[in-house]
Amino acid sequence: MTSLSPPGELAPNVTDDELYAVDIPHERFAQMRAQPGLLWHPHGDNGFWAVTRHADVREVSKDAETYSSAIGHTNLWDLEADALEARRSLIDSDAPSHTRLRRLIAASFTPKNIRKWEQTVRDITGELLDEFVAAGSGDWVGMVAAPLPIRVILTMLGVPLDDADYLVELSNYLVEGTSDQQSIPPDAFGNTTELRLLPFNSPASHALFEYGEQLAELRRREPQDDIVTTLVQAEADGETLTGGEFKNLFHLLVFAGNETTRTAISHGAVALADHPEQWQRVLDDPSMVESATEEVLRWASPVLHMRRTARTDCELAGTRIAEGDKVVMWYASANRDEAMFDDPLAFDVGRVDNEHYAFGGGGPHTCLGAFLARLEIAVLLEEMTNRQISLERTGEPVRLPSNFVRGVVSVDMAVQ
Amino acid sequence: MTPDEAPVRVQVDQEKCIGSGTCEMFDESTFVIPDDDVVAQVVGSGEMSRSQALTVIERCPSGAISIVEAD
């Protein structure tokens, strides 16, 4: 079972949420990458193996048979068995149930089908940019980075735009749930479910579940060309989705569909404002949008880590891992691995062979929305070049103290 | 012809595929997800250069693509 006293050095602390209110602790990760093998990172009354090198993250990510997503939890702490079942979504599943669930939703997110949304993304982006330019300055997160992806995913899901503000509000409460700061009481939104049974321990999850169920009911009666209709019809085609699966999937799409891209767009804007010579390269040659998009993703690393649990005794980077041990992939570290990237701490919009792990390190749990996120970021950069918009940072970013999502709460920007 | 350019035939494991569409984007003359299906199919001869095949095998998130070894 769990190695309580593993041999060798211990990892420096990289789980303290407060570290991330400042920035990713790059030096600590660099120190860990330089050590042979894996370092054991104490956490709570136990700990985990910290996987920090690009090549090792890839190995764990691709080997879903050895490294389970369904045991314990995919976050650092274990959930009790009933809570894990109640909260289980695509992210916390293994094959074959993962394969079945993923296939029910996969078609909506293939590159071919995502391309169909390009004009929608462009319209939403243009409107937000025009408003920001008209204002001249303001909070980039609240005015552009947050509304852009949530409006896109809600349009795709079939949520009426009149309800967008309500879902943005719920999503913001969920983000709080990834840190230690919850500002709403357990019974908010009429919640009566124990918080531990809800995603992010948040009563906002209850409200989101309820909203999703009402929308599903509506789409059963009045089908539309949207993802919720696809999901409720999938129920009728032999491939069935249970009520619990539907609400967890709806919840995941709303949260993951906006929070992570919002984070990428926030860090991207900060990076472009702080490296004006890099943004000038894109303005001068808009064909660089593609490589700039990938660099924004690498730079942002919106999801800092994901956890797996060893299904059997195994070995990684020469370190023996026991069945049941937690194995944590630090994407934030892999994306700055000097063995993979030249000058990894430099922001370079022309970077080639940019095999970043912003969407995970490969394998069946690769980000479902990767092509949508890429489209949103690329369209934003294109529309900024079309309008010749350059940003100037007028304040420090306020960062979310979370070791899981590298959130930016707000950052003041001005149009130059 | 170098070994990397020599044609090989590829296949998609229908049990493993999660329908990400990565292969279709990579080479839509070889891989297609039919409109009425969610998993990728190989169309045509399924032949591509070994280096191309190794690239798409690496990119496929589900590990569903492989080279058909000659008998």
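Biologist: How many salt bridges are counted between chain A and chain B?

Modeller: The count is 3 salt bridges. The term needs a side-chain nitrogen of Lys or Arg within 4 Å of a carboxyl oxygen of Asp or Glu. One pairs the side chains of Arg58(A) and Glu58(B), at 2.4 Å from N to O. Helix 3 (54-62), helix 5 and helix 6 (111-115) of chain A each give at least two residues to the side that touches chain B. Helices (H or I, at least four residues) are DSSP runs, numbered from the N terminus.

Biologist: What should I know about the model itself?

Modeller: This is a predicted model: local features need pLDDT of at least 70, side-chain atom pairs count only at pLDDT 80 or more, and totals for chains, interfaces and linings use all residues. Residues are numbered from 1 along each chain as its sequence is written, chains are lettered from A and ligands numbered from 1 in the order in which they are written, and side-chain values use heavy atoms, with hydrogens and water left out.

Biologist: How do I read the size of the interface?

Modeller: Interface size is often given as the accessible area lost when the parts come together. Here the buried area (1.4 Å probe, summed over both parts) is about 1300 Å² between chain A and chain B. Carbon and sulfur atoms give 52% of that area. Arg103(A), Lys112(A) and Phe371(A) supply 38% of what chain A buries against chain B, more than any other three residues.

Biologist: How many residues of each chain are in contact?

Modeller: Contact means heavy atoms within 4.5 Å. By that test, 18 residues of chain A meet 18 residues of chain B.

Biologist: Is helix 5 of chain A mostly covered or mostly open?

Modeller: Start with the general idea. An α-helix has 3.6 residues a turn, so residues three or four places apart point the same way. Buried means under 20% relative accessible area (1.4 Å probe, protein chains only). Helix 5 (residues 97-106) of chain A is mostly covered, with 7 of its 10 residues buried. Among them are His98(A), Leu101(A) and Ile105(A). The cover includes helix 12 (227-234) and helix 13 (243-274) of chain A.

Biologist: Why does Met32(A) count as buried?

Modeller: Met32(A) counts as buried because its relative accessibility is 2%. Met32(A) lies in helix 2 (residues 26-34) of chain A. Leaving out residues up to four places away in sequence, Met32(A) touches partners including Ala11(A), Leu39(A) and Arg53(A). Arg53(A) is 21 residues from Met32(A) along the chain, yet their C-alpha atoms are separated by 8.5 Å.

Definitions and conventions: Buried means under 20% relative accessible area, exposed over 50%, partly exposed in between (1.4 Å probe, protein chains only). Buried area is the accessible area (1.4 Å probe) that two parts lose on being put together, summed over both.
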